[in-house]
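Q: Could you take a close look at the nonpolar core of this model and walk me through what surrounds it? I would like the cut-offs along the way, please.

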Amino acid sequence: MFATASSASEPSRIVAIDWAMLETLMALGITPVAATELIQFRKDVVEPELPSTVVDLGLRGTPNLELLYTLKPDLILSSPFYARHEHRLAAVAPILSLPFYIRGEPPFIKALAAVEALGERLGRQRQAAIILAQTEANLTHLGNELRAYAERPTYLVNIGDARHVRIFGSDSMFGDVFSRLGLPNAWEGRSRYTFSAPVPIEHLAAHDNARIVVISEVPIEARTGLADSMIWNALAPVRQNRVTMLGNINPYGGITAGLRFARLVSDAFLSEGKML
């Protein structure tokens with residue numbers, strides 16, 4: 001997806017607390033010595049693939065500070081989500097904290113800015129410039145391929161149970177990238193940072209002509225409930241086969257999550273032959 005960076009200028013020991021920052025670091029061709037919640041990251045985020053050499057620091061909200069200290073990092077990557085820990089992290093190593101998600105603001109531009117800022121901090125300005133150019137080209141290409149799908153609005157949702165959905169608005173990574181592809185979001189309500197939740201499933205009936213894109217795996221118990229749900233099965237997009245299922249994607253991700261979403265939704269629309 002991205003150009004491979006030279007190892008000559010790689011810093012020796014970088015740790016990532018925030019997953020979006022971890023994505024950004026890996027996009028620049030640098031593998032951290034440690035990061036948080038790696039089992040969950042590999043399951044929920046999928047990309048980028050992390051080598052087994054990366055040490056697991058435990059939970060993002062409560063990283064193992066004793067282990068962190070023994071690793072002697074040169075730099076700790078964080079975000080405002082973890083500001084309450086900064087005074088303790090700063091006692092171990094310098095911190096670079098960048099914002100990705102601010103209420104009411106589209107996050108993808110911040111993901112791009114993070115690539116530039118981290119590239120500058122690590123002396124990888126050239127790699128960052130290549131990534132940004134590739135990203136613009138990829139989204140332009142996918143947007144052109146999906147132009148025929150712009151006539152129908154789409155609900156972008158994640159399903160937690162058989163009666164409610166999380167709906168991703170314009171200030172989510174998914175909603176922002178979807179808009180950049182030239183595709184309309186059917187959800188016009190308010191959202192908070194990434195999604196509006198929980199929303200009763202019947203709210204998806206507001207646009208009979210819409211599609212529904214389900215992002216990430218549906219829990220087994222919810223699958224059974226949806227199959228038997230009169231409300232779900234009465235929705236026009238469900239009855240008319242306008243529901244698309246995508247693999248796991250990090251809703252609080254960075255540039256890699258945004259591009260993974262763009263690629264998966266494009267592949268699904270085009271390969272499934274979904275109704276325009």
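A: Here is a connected tour of the core, the sheet and the ring pairs.

First, the ground rules. This is a predicted model, in which local features need pLDDT of at least 70, side-chain atom pairs count only at pLDDT 80 or more, and totals for chains, interfaces and linings use all residues. Residues are numbered from 1 along each chain as its sequence is written, and side-chain values use heavy atoms, with hydrogens and water left out.

A nonpolar core here is a set of buried Ala, Val, Leu, Ile, Met, Phe, Trp, Tyr and Cys residues joined through side-chain atoms within 4.5 Å. Buried means under 20% relative accessible area, exposed over 50%, and partly exposed in between, using a 1.4 Å probe and protein chains only. The largest such core has 57 residues, and Leu77, Leu181, Ile215, Leu246, Ile255 and Phe261 have the most contacts inside it. Among the elements that give two or more residues to this core are strand 1 (14–16), helix 1 (19–27), helix 2 (38–44), strand 4 (75–78) and helix 11 (255–272). Helices (H or I, at least four residues) and strands (E, at least two) are DSSP runs, numbered from the N terminus. Helix 11 provides the largest share of the core, 9 residues. As background, nonpolar side chains tend to be buried together in soluble globular proteins.

Leaving aside neighbours within four places in sequence, Phe261 is in contact (heavy atoms within 4.5 Å) with Leu156, Phe174, Val177, Phe178, Ile215, Leu246 and Ile249. There is also a second, separate core of 20 residues, which includes Tyr155, Val157, Ala222 and Val238.

Ser266 also lies in helix 11, and Ser266 is buried, with a relative accessible area of 1%. Beyond its neighbours within four places in sequence, Ser266 is in contact with Leu142, Glu145 and Leu146. The C-alpha atoms of Ser266 and Leu181 are separated by 9.4 Å, though these residues are 85 apart along the chain.

An open sheet of 5 strands runs in the order 3-2-1-4-5 with parallel pairing; two strands pair if DSSP finds at least two bridges between them. Its edge strands, each pairing on one side only, are strand 3 (55–56) and strand 5 (95–97). Strand 4 and strand 5 run parallel and are joined by 3 bridges, and Leu77 has Leu96 in strand 5 as its bridge partner.

The aromatic pairs come next, and there are 9 of them. Rings of Phe, Tyr and Trp (its six-membered ring) pair if their centres lie within 6.5 Å; planes under 30 degrees apart count as stacked, over 60 as edge-to-face and the rest as tilted. Trp19 and Phe41 are edge-to-face, at 5.3 Å centre to centre with 85° between the planes. This pair links helix 1 and helix 2, with the two residues 22 apart, and both Trp19 and Phe41 are buried. Tyr149 and Phe269 are instead stacked, at 5.2 Å centre to centre with 25° between the planes. Tyr149 sits in the loop between helix 6 and strand 6 (154–161) and Phe269 in helix 11, so this pair ties together parts 120 residues apart in sequence.

Finally, back to Trp19: the charged end of Arg60 sits over its ring, 3.5 Å from the centre. The criterion is NZ of Lys or CZ of Arg within 6 Å of the ring centre and within 35 degrees of the ring normal.
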